[in-house]
Amino acid sequence: MRTRRLVGGLLLIAAVAVTLPAHGQGGGKKFGIECDIIYVPTEQEVVEKMLDMAKVKKKDVVYDLGCGDGRIVATAAKKFGAKGVGVDIDPDRIKDSKKTVKDQGVGKLVEIREGDALKVKDLDKATVIMLYMLPPFMEKLEEQAKNLKPGTRIVAHDFPFPNWKADVTVKFRGPARTHDLYMWTVPERKVEEKK
Ligand SMILES: C[S@@+](CC[C@H](N)C(=O)[O-])C[C@H]1O[C@@H](n2cnc3c(N)ncnc32)[C@H](O)[C@@H]1O
């Protein structure tokens, strides 16, 4: 498992190495933040599996933090009628996402926002969160994620939260490789934690 995660991580890191020069960025910062994650799309078969794992329904509000081309939120809207919010730091990805939303005809259900996914103010509105981000991002998000609304489902592709054991782990054979998928359900807080 560690080897596959390592391979997935290396693929993302390799993509960073190839893509940053194309963006004219030599350093470790992009869009004013530390950039350790760039765009590697989740294959559509894996997108569908992630939505199935979260048992997405019409009443859900699905956030994709680092939404890339917006297919995750667009698919949740098209297939299940769920609302969606896609957040990405890269203006090119925002353009891609808006195009996906338009092409899929789900503009009434899906909002695409440009910004830092670690600074989303209304994340407590999410009932489902989708992630395909590298370990440093997962580590920064972990504490906030644990304190979201009880019952919120979080599904991550390839990279889990470092200190929060997933409730469900799945190995999913995609067209090109096997993917590690993780799901957490935010637990009810104990009475003393609520005070
Ligand atoms: C590996 S891609 C995943 C894309 C999409 N979620 C998917 O699974 O197909 C990661 C995305 O996160 C975006 N990203 C990286 N850091 C970010 C940040 N701090 N805030 C928002 N988006 C970010 C990148 O621009 C990229 O589109």
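Me: How many helices and strands does the protein have?

Reply: This is a predicted model, and its secondary structure comes to 6 helices and 9 strands. Of the 195 residues, 47% are buried. The accessible surface is about 10,300 Å², and carbon and sulfur atoms hold 56% of that area.

Me: What share of the contacts with a separation of 6 or more joins residues 24 or more positions apart?

Reply: Such pairs account for 66% of those contacts. One example of distance in sequence against distance in space is Asp103 and Ala74: they are 29 residues apart in sequence, while their C-alpha atoms are 9.4 Å apart. Asp103 belongs to helix H4, which spans residues 91-104.

Me: Is Asp103 buried or exposed?

Reply: A residue counts as exposed when its relative accessible area is over 50%. Asp103 has 52%, so it is exposed.

Me: How should I read the confidence, and where does pLDDT stay under 50?

Reply: Where pLDDT is low, the predicted coordinates should not be read in detail. Here the mean pLDDT is 87, and 78% of the residues reach 70 or more. Over residues 13-27, pLDDT stays under 50. The model has 14 contacts beyond four places in sequence for that stretch.

Me: Which residues are closest to the ligand?

Reply: The closest are Thr42, Gly66, Asp88, Asp116 and Ala117, and 22 residues surround the ligand in total. By class, this shell has 13 nonpolar, 4 polar and 5 charged residues.

Me: Where is Asp69, and what does its side chain contact?

Reply: Asp69 sits in the loop between strand S3 (61-65) and helix H3 (71-80). Its side chain makes a polar contact of 2.8 Å with the side chain of Arg71. Beyond four places in sequence, Asp69 touches Tyr39, Asp96, Ser97 and Thr100.

Me: Why is Asp69 classed as it is for burial?

Reply: The cut-off for buried is under 20% relative accessible area. Asp69 has 16%, and is therefore buried.

Me: And Arg71, which residues is it in contact with?

Reply: Arg71 is in helix H3. Leaving aside neighbours within four places in sequence, Arg71 is in contact with Pro41, Thr42, Glu43, Gln44, Val47 and Thr100. Thr42 is also listed among the residues closest to the ligand.

Me: What should I make of a positive phi?

Reply: Most residues other than glycine have a negative phi. Lys55 is not a glycine, yet has a positive phi of about 50 degrees. Asp158, also not a glycine, has a positive phi of about 70 degrees.

Me: Where are Lys55 and Asp158 placed, and is each buried or exposed?

Reply: Lys55 lies in the loop between helix H2 (44-53) and S3. With a relative accessible area of 57%, Lys55 is exposed. Asp158 lies in the loop between strand S7 (153-157) and strand S8 (168-173). Its relative accessible area is 0%, so Asp158 is buried.

Definitions and conventions. Residues numbered from 1 in each chain as written. Predicted model: local features only at pLDDT ≥ 70, side-chain atom pairs only at ≥ 80, totals over all residues. Heavy atoms only, no water. Near = heavy atom within 4 Å. Nonpolar A, V, L, I, M, F, W, Y, C, P; charged D, E, K, R; others polar. Helix = DSSP H or I, 4+ residues; strand = E, 2+ residues; numbered from the N terminus. Buried < 20%, exposed > 50% of the residue type's maximum accessible area, 1.4 Å probe, protein only. pLDDT = per-residue confidence, 0-100. Contact = heavy atoms within 4.5 Å. Polar contact = N/O pair within 3.5 Å; in protein donor to acceptor, adjacent residues only side chain to side chain. Areas by Shrake-Rupley, 256 points an atom, 1.4 Å probe, with all protein chains shown as cover.
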